[in-house]
Amino acid sequence: MHIPSVATSEMKILGFQEALGRSGATGEYDSKKWIYVPDFYTEYRYILGTRGANPLICIGVNPSTAAPDSLDNTLKSVERIAMGCGFDSFIMFNVYAQRATNPDDMEQEMNPLLHRENMAAFEYILRQCKDRPSVWAAWGNVIEKRGYLKTCIQDMIQIGERYGAEWYTAGKRSKRGHPHHPLYLRKDSPLDPFDVREYCRDCL
């Protein structure tokens, strides 16, 4: 379980490009298999996933404790869905990069620096895709925990449009219209097209 020990505004944030450049240097995991940025455990995480030509990019709200070769149940489910839907890899990204197992522990105000670097990470992920990126919205009702998360999603939409991202959901939406969290989905759950702009207008 991860409980934030300090507000991200009170700590030194490693920018995404610098963190990416250092990624794999620790030698604690197979960097040919995994992408993990930053590649050490800290109060935030930009990217965690496996390398491949055709990744499923899953979007949660914020990261918890998962790391290479130590996936939590959510990440195990993401991996199963990705493999079951014909993708060769998966990438876990989050609307906001602060680690907090309990979303109620997320900071009340968005850290603009952390958000900016997180969006740089999102653009990097999309840029690496050989075909149109497949982006799975999977944040559940947790998206309502903080008002700034809507702003984060809107910025992601704009970035996604530059790269022709195709958005999907899996399973039924919640009563409030939010996309299903991956934890309780079947392995063979199909991905359905998701109009993320309409969702922002009607549900956020």
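In the structure, the side chain of Asp 39 reaches the backbone nitrogen of Gly 24 at 2.8 Å. The model is a predicted one. A further contact of the Asp 39 side chain, at 3.5 Å, is with the backbone nitrogen of Thr 26. Asp 39 is placed in the loop between strand 1 (34-37) and strand 2. Although buried, Asp 39 has no salt bridge; Arg 22, the nearest side chain of opposite charge, is 7.5 Å away.

Elsewhere, the count of salt bridges comes to eight. One of them joins Arg 132 to Glu 166, with the closest N and O atoms 3.3 Å apart. This pair links distant parts of the chain, since Arg 132 lies in the loop between helix 3 and strand 5 (134-137) and Glu 166 lies in strand 6 (residues 166-170), 34 residues apart. Glu 166 counts as partly exposed because its relative accessibility is 28%, a value that falls between the 20% and 50% limits.

Arg 197 and Glu 161 form another salt bridge through their side chains, at 2.6 Å from N to O. Because Arg 197 belongs to helix 5 (residues 196-203) and Glu 161 to helix 4 (residues 148-162), the pair ties together parts that are 36 residues apart in sequence. Both partners count as partly exposed: Arg 197 has a relative accessibility of 43%, and Glu 161 has one of 47%. A salt bridge also occurs between the side chains of Asp 202 and Arg 201, at 3.6 Å from N to O. Arg 201 is exposed, its relative accessible area being 59%.

The largest pocket has a volume of about 290 Å³. Its lining comprises 20 residues, and those nearest the centre are Val 61, Asn 62, Ser 64, Thr 74 and His 181. Strand 3 (55-60), helix 2 (73-84) and strand 4 (89-94) are the elements that each give two or more residues to this lining. By class, the lining of the largest pocket consists of 11 nonpolar, seven polar and two charged residues.

The second largest pocket has a volume of about 210 Å³. It is lined by 14 residues, of which Arg 51, Gly 52, Pro 55, Ile 91 and Gln 128 are the closest to its centre. Two or more lining residues come from each of strand 2 (47-50), strand 4 and helix 3 (112-128). Helix 3 provides the largest share of the lining of the second largest pocket, with three residues. The lining of this pocket divides into eight nonpolar, four polar and two charged residues.

Methods. Residues are numbered from 1 along each chain as its sequence is written. This is a predicted model: local features need pLDDT of at least 70, side-chain atom pairs count only at pLDDT 80 or more; totals for chains, interfaces and linings use all residues. Side-chain values use heavy atoms; hydrogens and water are left out. On a 1 Å grid over the protein atoms alone, a cavity is a set of points where a 1.4 Å probe fits but cannot get out, and a pocket is an open set with protein on both sides within 12 Å along at least five of seven lines; lining residues have an atom within 4 Å of a point. Grid points are joined across faces, edges and corners, and a volume is the space filled by probe spheres set on the points. Helices (H or I, at least four residues) and strands (E, at least two) are DSSP runs, numbered from the N terminus. Ala, Val, Leu, Ile, Met, Phe, Trp, Tyr, Cys and Pro count as nonpolar, Asp, Glu, Lys and Arg as charged, and the others, Gly among them, as polar. Buried means under 20% relative accessible area, exposed over 50%, partly exposed in between (1.4 Å probe, protein chains only). Lys and Arg count as positive and Asp and Glu as negative; His and the chain ends are not counted. A salt bridge is a side-chain nitrogen of Lys or Arg within 4 Å of a carboxyl oxygen of Asp or Glu. A polar contact is a pair of N or O atoms within 3.5 Å; within protein, one must be able to donate a hydrogen and the other to accept it, and residues adjacent in sequence count only if both atoms are side-chain atoms.
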